Amino acid sequence: MPTPHIAAAPGDFAPAVLMPGDPRRAQRIAELLMPDARLVTDVRGMLGFTGTVDGKPLSVMGSGMGQPSATIYATELFREYGVERIIRVGTAGGIAPGVRVGDVLVALGAHTDSSMNQLRIPGVNFSAVASYELVAAAVRAAEADEHGSPVHVGTIISRDHFYLSVPDQTARLGAYGVLGVEMEAAALYGAAAEFGRQALAVLTVSDHLLDSSQDMSAQDRETRFQRALALAVAAAHC
Ligand SMILES: O=P(O)(O)O[C@H]1O[C@H](CO)[C@@H](O)[C@H]1O
Ligand SMILES: O=c1cc[nH]c(=O)[nH]1
């Protein structure tokens, strides 16, 4: 049953899907983790792969950038392909002062300036939260490798704008302990709640909004994700 945006056959997706924003990162992750990976969809160049890691099935598929794009893919994977859990493996801009470029963020919850979740339950400010089971698995994996880059667990913000900034907003978010900013997690958590499934975002800090001295290059953003990936795989297979 192909959907408007996914051309895979029934059963082509594993119960757990890793979801980076960039489809080329999806391909890189598939090649890195799964020698047996096969391409299951490429509509609009949004590559999806399925294979196995340590004998357990796993899929990897890009989401594109922004909450509308991520919601389309998450909805079709949950609703049409029976996917049980989606773990976003993305990049984020650091906000909290203790967060450094190269650190990893496990997003317990995602504030947002988007209206996407506001439309879900009229009159309600929806709480976009991760699956506790997946958070716990990611934290266990982080604690098991004490030599990896630092991992922070807390809230992030999923913004609609990459470039437009509201004066003073970032500093205020930092004062509230918000770890970083990206553009998809809140909507992903909303879609998981809609279908009674599980979601988590594990993010590599690629730059810092309040200190740009250590920012990653575009190439680094696509390759320095091993620590986040290890946590995401642990969550996918917990
Ligand atoms: O690196 P990805 O996963 O794409 O995530 C971040 O990077 C993109 C913006 O450059 C947005 O998608 C944002 O969420
Ligand atoms: O600054 C950043 C970095 C990654 N993703 C974002 O949305 N913002």
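This is a predicted model: local features need pLDDT of at least 70, side-chain atom pairs count only at pLDDT 80 or more; totals for chains, interfaces and linings use all residues.
Now hop over to ligand 1. Around ligand 1 you'll find Pro20, Gly21, Asp22, Met65, Gly90, Thr91, Phe162, Glu182, Met183 and Glu184. By class, the shell around ligand 1 comes out as four nonpolar, three polar and three charged residues.

Time to zoom out to the whole fold. The protein chain is built with seven helices and nine strands. Along the principal axes, its C-alpha atoms fill a box of roughly 50 × 45 × 30 Å. How does the radius of gyration of the protein chain sit with a compact globule of 238 residues? Such a globule would come in near 18 Å, and the protein chain has 17 Å, so the two agree.

On to how the helices pack. In general, two packed helices are described by the angle between their axes and the distance between the axes. Take helix 2 (residues 67–81) and helix 5 (residues 185–195): they pack at an angle of about 25°, with 9 Å between their axes. Angles under 35 degrees count as roughly parallel, so helix 2 is roughly parallel to helix 5. The crossing of helix 2 past helix 5 is right-handed. On the helix 2 side, the contact is made by Gln67, Ala70, Thr71, Ala74, Thr75, Phe78 and Arg79, and helix 5 answers with Ala186, Ala187, Leu188, Ala191 and Phe195. That contact has eight nonpolar, three polar and one charged residues.

The other pair to look at is helix 3 (residues 132–144) with helix 7 (residues 226–236), which pack at an angle of about 135° with their axes 8 Å apart. Why is this pair called oblique? An angle has to be over 145 degrees to count as roughly antiparallel, and the angle here is about 135°, so helix 3 is oblique to helix 7. Helix 3, too, passes helix 7 in a right-handed crossing. Helix 3 brings Leu134, Ala137, Ala138, Arg140, Ala141 and Ala142 to the contact, while Ala230, Leu231, Ala234 and Ala235 come from helix 7. Split by class, the contact of helix 3 with helix 7 has nine nonpolar residues, no polar ones and one charged.

Terms used. Residues are numbered from 1 along each chain as its sequence is written. Chains are lettered from A and ligands numbered from 1 in the order in which they are written. Axes are lines fitted to C-alpha atoms, for helices over the stretch in contact, and angles run from 0 to 180 degrees between N-to-C directions. Helices (H or I, at least four residues) and strands (E, at least two) are DSSP runs, numbered from the N terminus. Angles under 35 degrees count as roughly parallel, over 145 as roughly antiparallel, 65 to 115 as roughly perpendicular and the rest as oblique. A crossing is left-handed if the near helix is turned anticlockwise from the far one by less than a right angle, and right-handed if clockwise. Two residues are in contact if their C-beta atoms, placed from the backbone, lie within 7 Å. Ala, Val, Leu, Ile, Met, Phe, Trp, Tyr, Cys and Pro count as nonpolar, Asp, Glu, Lys and Arg as charged, and the others, Gly among them, as polar. The radius of gyration is taken over C-alpha atoms; the globule rule is 2.2 Å times the number of residues to the power 0.38. A residue is near a molecule or strand if its C-beta atom, placed from the backbone, lies within 6 Å of it.
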